[in-house]
Amino acid sequence: MTLQQDSLFERFLAPIFEKFLIDKQALKYLYESIDWQAATERLNNPTVVYPDYYAKRNFHGIEGGYLTIGAAVTYDAITQYVLPPNETMVRQGLLQTIRSQPRRILDLGCGTGSSTLLLKRRFPQAEVIGLDLSPYMLVAAEQKAQQSGLHVIWRHGLAEATGLPAHAFDLVTTSLLFHETPAAIAQAILQESFRLLTVGGEFVLLDGNQAVLRHTEWLNNIFEEPYIREYAAGNVSDWLKAAGFAAVQTQDHWLLHQLSRGAKPLANEESESAEAIRATDGLTPQWAMG
Ligand SMILES: C[S@@+](CC[C@H](N)C(=O)[O-])C[C@H]1O[C@@H](n2cnc3c(N)ncnc32)[C@H](O)[C@@H]1O
């Protein structure tokens, strides 16, 4: 793993993580226990074209971002320390926001599958698909699922253009994805989620609290997150309404995080706010075109 020399993460946090917090033996074991080349080749979808916003930017100071074995091996070890007060409590919020008993679940930007596996545990009868743009992250996710004896389908692809059939899911989730994409891509992911959901289906998001991030520049500086300011300036509730979702709600979750939810209404029940928001900001979701 090559870290950028000039990021705040590299200068201040990486040494602390490396010296005191990370179990290097466990990372070495994870790295050595997988035939990365064979596994990534198996999970890799050769038709995927990496967009520049993803392939040409570093995330968390890691050169090459998520398209590296290093990112996949270190992700869980670092993430446990960056979701205060506690990773499990934060992720549980995603589950608590779900109101239905979904039968087909899609977790977009699933990473190493931490939330995906919680979803599978909570809804063991459901078919669960975890989709991510990094085959390396999917390899780590697959390994975790196998170790937990959980059956999840791992799919390599773009969250904003999944290629999956319309109306195929009754729950679409994302956790910690939107602060890592340009705002226009986050909105495109909501349009894609709307397309993928059945009528009455739910979209549920766990991510950084936009209202807090707007006023805490120091937090935005800590980790190298190229799009976090765009994310903080936006409003997931407004984006959900613009994409056509109804019953939209966003609530604070342990101060630093937020949970957002929307449901896909009947075609003739499009939320009034979707009309209003499109009229004011000129956004026309793809699903509403032609
Ligand atoms: C911060 S991680 C979150 C992973 C996981 N959801 C979690 O809660 O730990 C962001 C993930 O989103 C993936 N990602 C970023 N942009 C994506 C896109 N456009 N389509 C699919 N996955 C994407 C990255 O590869 C990475 O695994």
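Helix α5 (residues 69–79) packs against helix α8 (residues 135–148) at an angle of about 40°, and their axes lie 8 Å apart. Here helices (H or I, at least four residues) and strands (E, at least two) are DSSP runs, numbered from the N terminus. Axes are lines fitted to C-alpha atoms, for helices over the stretch in contact, and angles run from 0 to 180 degrees between N-to-C directions. The pair α5 and α8 is therefore oblique. Angles under 35 degrees count as roughly parallel, over 145 as roughly antiparallel, 65 to 115 as roughly perpendicular and the rest as oblique. The crossing of α5 and α8 is right-handed. A crossing is right-handed if the near helix is turned clockwise from the far one by less than a right angle, and left-handed if anticlockwise. On the α5 side, the contact is made by Ile 69, Ala 71, Ala 72 and Tyr 75; α8 supplies Tyr 136, Met 137, Val 139 and Ala 140. Residues are in contact if their C-beta atoms, placed from the backbone, lie within 7 Å. This contact of α5 with α8 has eight nonpolar, no polar and no charged residues. Ala, Val, Leu, Ile, Met, Phe, Trp, Tyr, Cys and Pro count as nonpolar, Asp, Glu, Lys and Arg as charged, and the others, Gly among them, as polar.

The model is predicted: local features need pLDDT of at least 70, side-chain atom pairs count only at pLDDT 80 or more, and totals for chains, interfaces and linings use all residues. Residues are numbered from 1 along each chain as its sequence is written.

Helix α8 also packs against helix α3 (residues 36–43), at about 105° and with axes 9 Å apart. α3 and α8 are therefore roughly perpendicular. Trp 36, Ala 39, Thr 40 and Leu 43 of α3 meet Pro 135, Tyr 136, Leu 138, Val 139 and Glu 142 of α8. By class, the contact of α3 with α8 holds seven nonpolar residues, one polar and one charged.

A further pair is α6 (87–97) and helix α7 (residues 114–122), whose axes come within 10 Å of α6 and cross at roughly 50°. That makes α6 oblique to α7. The crossing is right-handed. Arg 91, Leu 94 and Leu 95 in α6 meet Ser 114, Ser 115, Leu 118 and Arg 122 in α7. These residues divide into three nonpolar, two polar and two charged.

The ligand has 21 residues around it; Gly 109, Gly 111, Leu 133, Ala 159 and Ser 175 come nearest. A residue is near if its C-beta atom, placed from the backbone, lies within 6 Å. The shell has ten nonpolar, eight polar and three charged residues. Domain 1 (8–79) and domain 2 (87–216 + 225–282) each give at least three residues to the shell. The domain bounds come from an automatic or database domain assignment.

Two backbone details remain. The peptide bond from Pro 84 to Pro 85 is cis, with omega near 5°. Pro 85 sits in the loop between α5 and α6. Ala 247 has a positive phi of about 50°, although it is not a glycine. Ala 247 belongs to strand β6 (residues 246–253).

Note on methods
Two residues are in contact if their C-beta atoms, placed from the backbone, lie within 7 Å.
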